[in-house]
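My entries follow in the order in which I made them.

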Amino acid sequence: MAETGRLEDAVEFFSNPEPRCPCVLLLDVSDSMRGQPLAELNAGLHTFREQLVRDPVASKRVDVAVITFGTVVQVVQNFIPITRFVPPTLTTQGYTHMGAGILLALQQLQSYKKALRELEMDYFRPHVFMITDGEPRDEPEHVLERARKQLEAEERSKGVLFFAIAVEGADLERLRKLVVRDPIDLKGRSFQEMIDYLSKSVSALSQSRFVEDAQQPMPPPGTI
Amino acid sequence: MKRDMGTQSGSATVWRVAATSVRGAGHVRADQVCQDAHAFTLLSNGVLVAAVADGAGSVAMSEIGSALAAETAVTAIATAGTLPSVTDREGWKALLTDALRLAQIRLETEAEQRAVDLNALATTLLLAVAIPEATAVMQVGDGAIVVGDADGSTRALTFPLHGEYANTTVFLTSPDALETAQFGLHPPATYLALFSDGLQRIALDMATGTPFAPFFSPLFRFVAGEPEVAAAQTQLTSFLSSPRVQERSDDDITLVLAARLSGQEV
């Protein structure tokens, strides 16, 4: 009779590269975030990293990028494996150019997916988490309209899962007009709770399989 | 849900089978049930029918869907009566397609009775029918079916296909499931393995879909050398639950192994 020990010793494993799970943090750093909120967001980025690095699957798969929007919109961190992510210290600046931020996030994702395809790397459907305490401000209407249309087209073609997370001060009605999925309402909750929700969501997304054509709602806060 | 009916006797060809579904490390951590299922049966005249089903991890009740799908498909073949001739490719395709369609109908009925969306029972389904002269396979979704020969060679009869995203796949509950199913009618093989996606990343070179022979060969030798079905299942479960496997795969794992014996080996 064969021994189990022999099976464990005898069977060799093929080592495939892990599929990539791209995740964009699209962060509002407009002036209203000045002070305590920004301090909590900066601390939150460290917590986010720590929680994902502790997850045996997410740590191997998640690639994170950080894009901020104030008056200036910028890629603070291009896609990098979560284990090598050094959380930046963000500073506040100006108005809320949310539309430009959305457009930049979608553009970064497009080029990252193209790069992954060229490397013949498998990847998951990317997700963007936009965290805001406000609403678009001092931004031309045509930019917002372009962002809204492009996001709608990307969501329709399943190019991205875009989640707006509304923290204290956010205008939910205004957000609903801009993004496809219903914003996640975390108003009245601490940043710590928000970050906890965020990292748990990314953990779950990095190991779940989707029914190809089904809508993929995020679990409501407090349930994961 | 499984049917472990042991090795058959009274015919020229005998199959030895070891089959198990184990919970993945991720599901253990999250305190979720095993969403994989398998079923197999040995018919007279050396026919083996085996199915593996993997419930979609993102939806509720998928463990019900996978068990029903595997059981229904195996029963459909087992009760189909006379099997097509080995040259009748279309006949085999129709037989396996009908078995999958019955599994779909079973899921639709279940969803209706439970008053839930059909997607709640989403599952993949892999089905193999091995007769002494041929191996017929059909697959919806990921996972793979691999065969091996006595000379140590292995080849994949189906592959874990996916679209742009590695974490989306077609399920039996998808509208185009049967139209896009993989089907093949192949020569008989000495060894057969059906497995769910939890195993595919350590068993296959995913870039090319090629089976990794050093993975399969020891398992094929193991099932051929273990005459007791219960003992074989225990050992296989213990192997797939071992830290060496679990640290490489977070998902549920199902593996159905079969070895064809003949003549004096029986």
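I set the term first: buried means under 20% relative accessible area, exposed over 50%, and partly exposed in between, with a 1.4 Å probe and protein chains only. This is a predicted model, in which local features need pLDDT of at least 70, side-chain atom pairs count only at pLDDT 80 or more, and totals for chains, interfaces and linings use all residues. Residues are numbered from 1 along each chain as its sequence is written, chains are lettered from A and ligands numbered from 1 in the order in which they are written, and side-chain values use heavy atoms, without hydrogens and water.

**Entry: Val143(A)**

I asked why Val143(A) counts as buried. Val143(A) does so because its relative accessibility is 13%. I placed Val143(A) in helix α5 (residues 141–156) of chain A. Helices here are DSSP runs of H or I with at least four residues, strands are runs of E with at least two, and numbering starts at the N terminus. I then listed contacts, meaning heavy atoms within 4.5 Å. Not counting residues up to four places away in sequence, Val143(A) touches Gly99(A), Ala100(A) and Leu103(A). I also checked Ile102(A), which is 41 residues from Val143(A) along the chain; their C-alpha atoms are separated by 10.0 Å.

**Entry: Ser203(A)**

I found Ser203(A) in helix α7 (residues 191–205) of chain A. Ser203(A) counts as buried because its relative accessibility is 13%. Leaving aside neighbours within four places in sequence, I found Ser203(A) in contact with Leu52(A), Asp55(A) and Ala58(A).

**Entry: Phe220(B)**

Phe220(B) sits in helix α5 (residues 213–225) of chain B. Its relative accessible area is 3%, so Phe220(B) is buried. Beyond four places in sequence, I noted its contacts, among them Val146(B), Tyr191(B), Leu192(B) and Leu257(B).

**Entry: two helices**

I compared spans with expectation, which is 1.5 Å times one less than the number of residues. Helix α3 (residues 89–114) of chain B has 26 residues and should therefore span 38 Å; its end C-alpha atoms are 38 Å apart, which agrees. Its buried residues include Trp92(B), Leu96(B), Gln104(B) and Glu110(B). What covers the buried residues of α3(B) includes α2 (62–78), β4 (125–131), β5 (134–140) and β9 (182–186) of chain B. Just after α3(B), Ala115(B) takes a positive phi of about 55°.

α4(A) has 21 residues and reaches 30 Å between its first and last C-alpha, close to the 30 Å expected. Just after α4(A), Glu120(A) has a positive phi of about 55°.

**Entry: the contact between the chains**

How many residues does each chain bring to the contact? I got 37 residues from chain A and 44 residues from chain B. The two chains bury about 3,600 Å², 54% of it on carbon and sulfur atoms. Buried area is the accessible area (1.4 Å probe) that two parts lose on being put together, summed over both. In chain A, Phe13(A), Phe14(A) and Arg209(A) lose the most area to chain B, together 25% of what that side buries.

I found two salt bridges between the chains. A salt bridge is a side-chain nitrogen of Lys or Arg within 4 Å of a carboxyl oxygen of Asp or Glu. One salt bridge joins the side chains of Arg117(A) and Glu164(B) at 3.3 Å, N to O.
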